[in-house]
Amino acid sequence: APNSGVVADSTILQDTVRYEDFLFEPLALPESGVQYHIEPFEVPPDSEVEFFMRTTGDTSGPVYISRYELMMRPNSHHYILYGFSNSTPAVILPPEGLIRPIRDDNGDYILSTFLTMQYHVFGLGTQWRRLDYSLPPGVALYYPNVHGFDHNPHYFNYSDTTIIGEVYVNVHMVDPSEVERIAHILQIGDNSFYLPKGQVTTVVEEEYFDQTLYVFELFSHAHELNTEFAIEIAGGERDGELVYISYDWQHPPVLELDPPLVINPGEGFRLIATYDNWRDYGVSFGFLSTDEMMLLFGKYYTD
């Protein structure tokens, strides 16, 4: 460390949240909100299963989400809850309860599924099998809830026996009168990188903002070739200051920032992800767990 100056934001040293594995069991019903259950499905040997399924649940009209809980069976790669844009054409809105795989039996992508993905609005998600996350007091995610939610579980199974996937999701909601600030989703990434075979490669991506952001959550997303994922402040007097780091691609830390990290106009984030491609072929962005990704997610509010 240098004799003077700041190497890293001290708040990252205060974070004590670590991944702990859990036995799978159904979640208790939320007192105020909706529980969704992705019923058991098979994941055949040496395969990955990823699909979408739309639900409208027990709500109608706008919802304000203050907390969410997830419980998944082992071998989950991720679960994401999406909303649909209000501009989603009725002709492509999928039927409720229909399982829409992302790939066919030959491993080819299904174009109709990708078409609906163009109208997704990211809501919440995790790689952790068990997560219970609460937004700060008075802060909530807003969703107009015109078309319901789209659930996206992803499981992998590179064993020689069939396994079972299953997901429970509790979405806790609050009355609008309790909401002081609306939370927004932070999502930054690069899908154009290439990792040559047998090499260690570091990929850098930056994004800057023209307004003040109060960031209260950060977490990374990458796949098994990722060995380090660092997030720095980009621009301004704090340029290069480390605010997040992960060495565990399967269970990246979910960093909760209290007080929130203030990103001033003209500042942003620098993603620095290092990959060790030990395979005998090149790897690029893709949706399989054996492909790669480079994404930063988080939540923030503005003035």
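Author: Happy to! Strand S13 and strand S18 (residues 268-277) pair in the antiparallel sense over 10 bridges; strands here are DSSP runs of E with at least two residues, numbered from the N terminus, and two strands pair if DSSP finds at least two bridges between them. One of these links joins glutamate 207 to its bridge partner in S18, phenylalanine 269. This is a predicted model, where local features need pLDDT of at least 70, side-chain atom pairs count only at pLDDT 80 or more, and totals for chains, interfaces and linings use all residues. Residues are numbered from 1 along each chain as its sequence is written, and side-chain values use heavy atoms, leaving out hydrogens and water.

The pair belongs to an open, antiparallel sheet of four strands, ordered S13-S18-S15-S16. S13 (199-208) and S16 (242-246) stand at the edges with a single partner strand each, so one side of each has no neighbour in the sheet. From one strand to the next, the twist averages 15°.

Now for the pocket. The largest pocket holds about 600 Å³ of space; a pocket is an open set of points on a 1 Å grid over the protein atoms alone, where a 1.4 Å probe fits, with protein on both sides within 12 Å along at least five of seven lines, and lining residues have an atom within 4 Å of a point. The volume is the space filled by probe spheres set on the points, which are joined across faces, edges and corners. Of its 28 lining residues, Tyr82, Gln187, Phe287, Leu295 and Phe297 are the closest to the centre. Strand S6 gives the largest share of the lining, four residues.

Conventions
Axes are lines fitted to C-alpha atoms, for helices over the stretch in contact, and angles run from 0 to 180 degrees between N-to-C directions.
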